[in-house]
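Thanks, everyone. Please bring the model up on your screens, and I'll talk you through the contacts.

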Amino acid sequence: MIFTDEFFALNSNFPNDNIVQLVDSNTYRNVNFKKVTQWYDNTVMDDSKTDGVIYRKKGNDYYVRISSNENEYLEKDTMAEMKSLSNTEVLLLKMKVYKGVRLSGYYIKGDTPDPIHYYVSDSTEPDDDGSLVTVGTIRLFHQFIKEVDVVYFGAKQDGTTNNTPIFQRAANLKLPLSIRNVNSDSYYKFFGKVTLYHSAIGHGLPKLKVTEEINSKSITELGYFTYSIFYITKKTSKEYIEISGLHLDGSWDGITNESEQQALIGIQSSNNIKIFKNRMENVLGDCIQLLHTENKHSQEYNKDIHIYDNVLLNPRRSNVAVISGIDIIIERNHMEKANDFVAPIDLEMDPWITPGLMMRNIFVDKNYVYAPACNHAISCLGVLDGVKGISITNNTLICSENRDGHAINLVAGYGIIEDVYCFNNKVKCGSVLNATGFYRVKNLTLQKTSPVERDGEYILAEVGWASDVKIINNYSKVDIPGEQNIICGGHKTANVIIEGNKLESVQYRNIFLVAQNDNVIIQNNDLKFKHHSIDTDPYIHEDELNGNDDSLKVPYCNNVRISTNIFKSTDPLQVAFRAAIENITGFDFANDNILINVLGTVSNEDMISISGSHTTATRKYHGFLGEVRFNRDNKLFEVFKELNNWQTI
């Protein structure tokens, strides 16, 4: 039995055979050496290439240790161990004595789903501490194929570790991220956003949380999306990216208002993304924001974004904000919002003067929206290039029950809003629909609205500066002095159908046609009221009276047909229709209306060509409640004297 130290000693007398069988002086294991003249890389052997373990010298001859480990892996328990390979281990890997390194954990053995294998690589890419690692004079590479679990890159769910750079290195592989809930008592902490190039899938609803430092940052430190969690930009490929199964927490304390742009998920000028089955909360901005790039060479909108089955809670700004998008589906989400800033669902361009932003085919379906302190549940202010195609269906919409609380707020302040369909929504609010704006609302349907609570009360619709409007088969009850179920008119409002609605105004009127209306059909409605049921008013807004467009200064109510309605007055001596506007042409009060406790069909002696089964009541602008309005500012009833002149009774 000859030991290695004896054989390779300077004064060794053992013969220099071509192959020798020895015993390792350190491990006492049998080892074999063979005589060589070349190093593993086929260069000529010299003394500089000996290492005292693998390559050794005896006299003038060189020997290499013959390994029995070929096609086996060098076993390491942690990333730190792998990064600390000995020179001998590095050499054995270079020599391919070992096939590679088998790594069984990152921080401790077993903290990764499975062991993975690393191989010697000639890559020149930078280290990422996960798939590519430099160890001494070699680089070790693991090829992730279908997905990458973030723990292989060192992610820690400990509430302390900064996971932003770790997640980013994993995301840079452009494979789906797998994020497991390995510590349900803690969370993955983030100090900045991670740009995604593929999906991010949670398992067991792991919590990802922004640092609490966000609440002490100034507006200059926060920036745009600085403290978001996930960010996708300019993704225009056809395959879908998915973000699902995650609990995202923005750490907003509910007080800080230094920013409104720290969305938990920000999507910029991208296509084909699904966000589903997540829980998002406490964000200094929006839970989800779909925005645009400010680059004329890039797509200025998002397309085919599907947001569904999420729980979205307590944003400072919106639960979902669409700044620019086409074919956006928002469905079956549970949304709660505690403050009165912006709206839970915000369809709003930003900045206002940017051309190229798109708002097309937005579908909002089967969502539960609870925002009792907020003025709007859904709000759209228009875009420069116009909004076209908004479908709001089958939702429960709860917002402020104050006078300005609109479940659906459509104000065409920055571009036309057209093709809006609102169907089968349950509401709890002050007013269901507000549709107006300088650029007009066109082709609007409000249908089958009902209250969340059995006896819920709300104004149904306030429509002006609009055309092609259908208000059909809705329910509305209002019990407020001076308020009505429907207000319609102003700025050339035209082509309005009010049909099949059940309307009750406990203290006032049902339908108020104000200033300018053309082609209005009111039919098949069940109308219960205290004073006149349908009313006109010549009021013209001061801005229009002082403006340059003379066509807006003259009130009119033309081509109004009232038929097959049931009028139910709760007080005697009321009228079904009051005409306070003198410029009325083409009026038809049909014989098929049913009048209950109603004195006459029309009150205004200037009316001509009246068709109806009841005689016209000859009362004009004074002394009769039909010519009285309720002033919401001073809380008093006023009598009409002349155009834009009402005086307190």
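Aromatic pairs: a search of the whole structure finds 21. The rule is that rings of Phe, Tyr and Trp (its six-membered ring) pair if their centres lie within 6.5 Å; planes under 30 degrees apart are stacked, over 60 edge-to-face, and the rest tilted. Take Phe-8 and Phe-33, an edge-to-face pair with 5.1 Å between centres and 70° between planes. Phe-8 sits in the loop between helix 1 (4-7) and strand 1 (19-23), and Phe-33 is in strand 2 (residues 30-36), so the pair ties together parts 25 residues apart in sequence. Helices (H or I, at least four residues) and strands (E, at least two) are DSSP runs, numbered from the N terminus.

Before I go on, the ground rules. This is a predicted model: local features need pLDDT of at least 70, side-chain atom pairs count only at pLDDT 80 or more, and totals for chains, interfaces and linings use all residues. Residues are numbered from 1 along each chain as its sequence is written, and side-chain values use heavy atoms, with hydrogens and water left out.

Back to the rings. Phe-8 and Phe-33 are both buried. Buried means under 20% relative accessible area, exposed over 50%, partly exposed in between (1.4 Å probe, protein chains only). Phe-8 and Phe-33 also belong to one aromatic cluster, with Phe-7, Phe-14 and Tyr-63. Phe-7 has a charge over its face: Lys-58, at 5.0 Å from the ring centre. The test there is NZ of Lys or CZ of Arg within 6 Å of the ring centre and within 35 degrees of the ring normal.

Now salt bridges. How many does a search of the whole structure find? The count is 30. A salt bridge here is a side-chain nitrogen of Lys or Arg within 4 Å of a carboxyl oxygen of Asp or Glu.

One of them joins Lys-207 and Asp-249, at 3.7 Å from N to O. Lys-207 is in strand 15 (residues 207-210) and Asp-249 in strand 18 (residues 247-249), so this contact ties together parts 42 residues apart in sequence. Lys-207 is partly exposed, at 23% relative accessible area. Asp-249 is buried, at 4%.

Next, Asp-346 and Arg-317, at 3.1 Å from N to O. Asp-346 lies in strand 28 (residues 345-348) and Arg-317 in the loop between strand 24 (311-315) and strand 25 (320-322), so parts 29 residues apart in sequence are tied together. Both residues, Asp-346 and Arg-317, are buried. They are also members of a salt-bridge network with Glu-260, Asp-286 and Glu-348.

Last, the strands. Two strands pair if DSSP finds at least two bridges between them. Five strands make an open sheet, in the order 42-45-48-51-54, with parallel pairing. Which strands are at the edges? Strand 42 (475-478) and strand 54 (594-596), each pairing on one side only. Strand 42 pairs with strand 45 (residues 502-505) in the parallel sense, over 4 bridges. Val-478 stands opposite Ser-505 in strand 45.

Elsewhere, strand 32 (residues 387-393) runs parallel to strand 35 (residues 417-423), joined by 6 bridges. Ser-391 is opposite Tyr-421 in strand 35. Strand 35 is also joined to strand 38 (residues 441-447), again parallel, by 6 bridges. There, Glu-418 stands opposite Lys-442.
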